Amino acid sequence: MKRRRLQQREIPNDVVMEEILRRLPAKSLMRFKCVSKVWSSLISSRYFSNRFLTVPTRPRPRIYMCLQDNNDYSNSVTLSLALDTTNPNRFVVDHNLTSPRVGGYVLQNLCGFMCYSFISKPRIYNPATRQLVTLPAPIKSQTEEDAYGYYFGYDPVIDQYNVLWSTGVYVKHLGEIRSEHRVFVLKAGREGSWKKASPTAPDFLPHIPAKRGMCIDGVIYYMGWTGRYNLVLVSFHIRSRDFKMIQVPRRDGDEVLLRMKNVSLIEYGGKVTIIDQTNLREKGKLDLWAVEDAGNKNSWSRKTMVLQSSQLHLVINNITIYNMKGTTHDNKVFFIPEDMFSPFHILSYDLGSNDMTKIEIKGIPDHWFSIDKSTVNVMLMDQSESLVYLET
């Protein structure tokens, strides 16, 4: 009796993409690009990259720490830290994923990209693919020394990445603030450039922008001030190119310059939220102000968080000064020390369970603790990884 030969069948590409590749970590996918030209093309495609972002199961959170020597700007490094499998309250430096000479002032995390500025230029770094994109600095029309900010955004509907540049200056002899805005669109296959963006809303005022911003559902947000006591929240809609502005709640006698050091923008419950840590060191309190869009008439809702009594020692009367940095997908915020010290740690605060935890950081090279002037920036990439290659 003759044996029938089993016919060898190739697995369809859509099955490979949906059932196998899409569920692997980015590190493995970068290796699998060497399997064949077909796999390399498949993994590098924009469609697959976008589908990859939608997979809910991802590796454990990863922290990226940017260290910068303020005496020598060429001396910078981005350290990759992974969660210690034996201790949930410890992150350890992964030296295999450390990126030398990649660093600067970290601004925000966007869809797996680390966005920061370096010598006045915006940079976008993808830790998964190791791609580093440096955009040219925009040419400003004002000659006075000004304040500026870079803000990064992504609109999933039109699959477009934007960088918004806003600048403002107080002209003393005229007693007024002047500001301007430009947008850089990163398009595949096209060389990008800065384009002027002009707000048209009648109630939109010239302002001096703050450094850090964020993006939610295709809308870029950042804060700025229109006067000594007037802090505003600015929004820029990527698709419509519309600017909007809303007044930030203010306490009596509140000076914007002082308060700006204590507030940050976060996403909380799907809403843009201002978190105020003014009363954290003295009272163990955090104030959260969320924007409520009631019929397109923006208003604010307030929530005050009070630390558990057993955790107050972590912040009250502590000589260490912490800065708040971003939120994770499960509503955790991180407080990062301003200065380097050994042993180094950060604080993690869960807004949902009102629980603050001290997180140890192990494996930082010893020489960074002996540098007189060094800047430490920490960006939690959470569970987002991206395979997208940006083209400028």
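Val183 stands opposite Lys195 in strand 12. Three bridges join strand 11 to strand 12, and the two run antiparallel. This is a predicted model.

**Strand 10 and its neighbours**

- Strand 10 covers residues 160-171 and is mostly covered, with eleven of its twelve residues buried.
- On one side, strand 10 pairs with strand 9 (residues 147-155) in the antiparallel sense, over nine bridges.
- Within that pairing, Asp155 stands opposite Gln160 of strand 10.
- Strand 9 and strand 10 form a hairpin with four residues between them.
- Asp159 sits in the turn of this hairpin and has a positive phi of about 50 degrees.
- Strand 10 also runs antiparallel to strand 11 (residues 176-186), and eleven bridges join them.
- Here Val169 stands opposite Arg178 in strand 11.
- Strand 10 and strand 11 form a hairpin too, with four residues between the strands.
- In that hairpin, Gly175 takes a positive phi near 65 degrees.

**The nonpolar cores**

- In soluble globular proteins, nonpolar side chains tend to be buried together.
- The largest nonpolar core in this model has 31 residues.
- Phe152, Val163 and Leu164 have the most contacts inside this core.
- Several strands each supply at least two residues of the core, among them strand 9, strand 10 and strand 11.
- Others on that list include strand 5 (105-110), strand 6 (113-118) and strand 14 (219-227).
- Strand 15 (230-237) and strand 16 (243-247) also each supply at least two residues.
- A second, separate core has 19 residues, including Ile216, Val219, Leu231 and Val272.

**A closer look at Val163**

- Which residues does Val163 touch, not counting those up to four places away in sequence?
- Its partners include Tyr150, Tyr151 and Phe152.
- Val163 also touches Arg182, Val183, Phe184 and Leu186.
- Further contacts of Val163 are with Pro122, Ile124, Leu135 and Trp194.

**Aromatic rings**

- A pair of aromatic rings is described by the distance of the centres and the angle of the planes.
- The structure holds nine aromatic pairs.
- One of them is Tyr151 with Tyr222, which is stacked: 4.1 Å centre to centre, with 10 degrees between the planes.
- Tyr151 lies in strand 9 and Tyr222 in strand 14, so the pair ties together parts that are 71 residues apart in sequence.
- Is Tyr151 buried or exposed?
- Tyr151 is buried, because its relative accessible area is 0% and buried means under 20%.
- Tyr222 counts as buried as well, at 0% relative accessibility.
- Phe341 and Phe344 form a tilted pair, 5.3 Å centre to centre and 40 degrees between the planes.
- Phe341 is partly exposed, with a relative accessible area of 23%.
- Phe344, in contrast, counts as buried at 3% relative accessibility.
- Tyr148, Tyr150, Phe184 and Trp194 form one aromatic cluster.

Conventions. Residues numbered from 1 in each chain as written. Predicted model: local features only at pLDDT ≥ 70, side-chain atom pairs only at ≥ 80, totals over all residues. Heavy atoms only, no water. Buried < 20%, exposed > 50% of the residue type's maximum accessible area, 1.4 Å probe, protein only. Pairing = 2+ DSSP bridges. Core = buried A, V, L, I, M, F, W, Y, C linked by side-chain atoms within 4.5 Å. Contact = heavy atoms within 4.5 Å. Phe/Tyr/Trp six-rings, centres within 6.5 Å; stacked < 30°, edge-to-face > 60°.
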